[in-house]
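Hi everyone, thanks for coming. Let's have the structure up on the screen, and then I'll walk you through a few bits of it.

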Amino acid sequence: SSTPTSEDFIPFVVTPQPTDHLTTLPVSYPMGHDVTYPALGTLNVYTGRVISYIPIIVDQDAPTGAIEISGKLQIQLCDDKACYRPFSGNRAIPFSVSSEIVPVTQAVNAINGEFFADFDPRVFTQAPPADVPVAQENAAEVQFFGWSFKLEQTAYSLAFALAFAVGVIFNLMPCVLPVVPLKAIGFYEASQHNRTRCLMLGVVFSLGLLAVFAILAVLVIVGQAAWGALFAKSWFVWSIVTVLVLMAAGQLGAFSVVLPAGVYNFVPTHTSWTGNFLFGGFTAILSTPCTAPMFLGLLIWAAGQPTWIGIAAVMMVGLGMATPYLILAAFPELARRVPRTGAWSELLKQFMAFLLLAVAAWFAAGRLIPGNAYLWVVFGIVLAGCLFLVMRTAMISRTPRAISTASAIALVIAGGVLWFTLRLAGGTSELIEWRPYSDEVFAQAIDGRKLVMLEFTANWCANCKELESRVFTDRRTAEALEKHDVIAIRADLTHDDAPGWEKLKEISKSGGIPLTVIYSPTLDQPIQLSSIYTTDNLLQALERAATVE
């Protein structure tokens, strides 16, 4: 029953899902009856038909029309000798009831009246206990490098302001950053011929970027596709890798050959309308595996809104991402310190080509090499680019200032990538004993009544790797997991047939990663840590999950 008389048994629990325009009051359960079993002792149980009531209040401003009321049932079945594996956690039994909201002036016909013979309607006039929420809020938790806050469903101004800021931050993500100086140079060169045309090229570039965000918004908000999931598909990854390699080859001068004149009419460049539109769309695509801070919380908020508001919020992210390029197109002199012609300009483009190749290697090697060993391939390409930068600088100018500047840049970039690679591929991540995700492994872990930490990651997710390099290689994390006897499960979503995709969509409508979920037998709902967070955030979540209430 809902009161089984012993903590060793799972109580019967009805958990309604939050539904817009409906407020649910505490569930009313029937009284069970005590039965003594020689093998089990005395239990308070239900037998036969069981009727529980979920009192529902319809908001006064609720729109009329069809509505779906859903939830889950937690049940443990027993016979006189044994109790069986409970239907709880991810095995809880879902239920759904189709109904309709009609105007108060419309007559309704009662159905299944016999089921409601024992229902006491006075629950609607009695205030529920102070510790029982009468309305379930759909506030989304937004996290920004350890700082988190609730984004209420009606906080439209704040949500759209955050969306714009997130879009701007997207340009600083490692997958996109190599594109920014290339476009700065392109806009400056275009402005030397015609400032108005340069501005229009920036608008076309932004329209290409927004067009892709519009498609992604529909896929995520309407189709409920996971953000970045395209990078789990082989055909898509290899298409992106091919484009990146061709872009890098172009920056290295591989296409500086004489071709038939007609060919150049189809070659998209930074001075053509088609080239800027396609380049804008490609820049948007590159941003999807590198989810910016706060973005996942924003996606969760958008997924809980009416469709047009959710799509508009994602589009605002695209507008924020496009704004710096519009500014560069409107004020190309901002790039005046960037070398534009001559040997130094070519050197900058060639160095950017190595970074584009490193991004291509990130996606390609991540699919071909299991684990984190593929990061050494990425580091090798970055190191080659840094050595090229220093050697080519020495060939162009033998002045100590030029060589020392190039050497310092190379040291910072190569050193940073080496540190990141050693953190992940150097063996320190083995401090935690991860279990690969499967439905069976997860179900067994939950049934063990222990703390369970489920991490979603992928080789194409740059933020996942950054998070793992800080939090999951921290000795404090390993010690906390051991202290609380936590079962650590990792769902690797690098490929689209990975078993963790369905679980991710069950947990989060937006499907964005990185995502870490902590399950505890003492908490009604698991604790979620999305996007980029700190070790302290994880330790606090573990302490909360381990607290016996």
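Before we start, one term: a residue is called buried under 20% relative accessible area, exposed over 50%, and partly exposed in between. And keep in mind that what you're looking at is a predicted model.

Find Asp485, in the loop between helix H13 (475–483) and strand E12 (487–492). Is Asp485 buried, exposed or partly exposed? Its relative accessibility is 42%, so it counts as partly exposed. Now look at the backbone there. Most residues other than glycine have a negative phi. Asp485 isn't a glycine, yet its phi is positive, about 55°.

Here's another one of that kind. Arg449 isn't a glycine either, and its phi is positive too, near 60°. Where does Arg449 sit? In the loop between helix H11 (439–447) and strand E11 (452–457). With 48% relative accessibility, Arg449 also falls in the partly exposed class.

Okay, let's zoom out to the whole chain. We've got 549 residues, and 45% of them count as buried. The chain has 15 helices and 14 strands. If you take contacts between residues at least 6 apart in sequence, 76% of them join residues at least 24 apart. As for the surface, the chain exposes about 27800 Å², with carbon and sulfur atoms supplying 62% of that.

Next, a helix. H10 covers residues 400–425, which is 26 residues. How far apart should its ends be? At 1.5 Å a residue, the helix should span 38 Å, and the end C-alpha atoms are 36 Å apart, so that agrees. Several residues of H10 are buried, including Ala402, Ala406, Ala410 and Ala414. As a reminder, an α-helix has 3.6 residues a turn, so residues three or four places apart point the same way. Further along H10, Phe420, Thr421 and Leu424 are buried as well.

Last stop, a sheet. Three strands make up an open sheet, in the order E1-E6-E7, with antiparallel pairing. Which strands are at the edges? Those are E1 (13–16) and E7 (93–101); each has a single partner strand, so one side of each is left without a neighbour in the sheet. On average, neighbouring strands here are turned by 30° against each other, ignoring direction. Let's look at one pair: E1 and E6 (residues 65–74) are joined over four bridges. Pro16, for instance, has Gly71 in E6 as its bridge partner.

That's my tour, so over to you.

How values were computed
Residues numbered from 1 in each chain as written. Predicted model: local features only at pLDDT ≥ 70, side-chain atom pairs only at ≥ 80, totals over all residues. Heavy atoms only, no water. Pairing = 2+ DSSP bridges. Helix = DSSP H or I, 4+ residues; strand = E, 2+ residues; numbered from the N terminus. Axes fitted to C-alpha atoms, helices over the stretch in contact; angles between N-to-C directions. Buried < 20%, exposed > 50% of the residue type's maximum accessible area, 1.4 Å probe, protein only. Contact = heavy atoms within 4.5 Å. Areas by Shrake-Rupley, 256 points an atom, 1.4 Å probe, with all protein chains shown as cover. Expected span 1.5 Å × (residues − 1).
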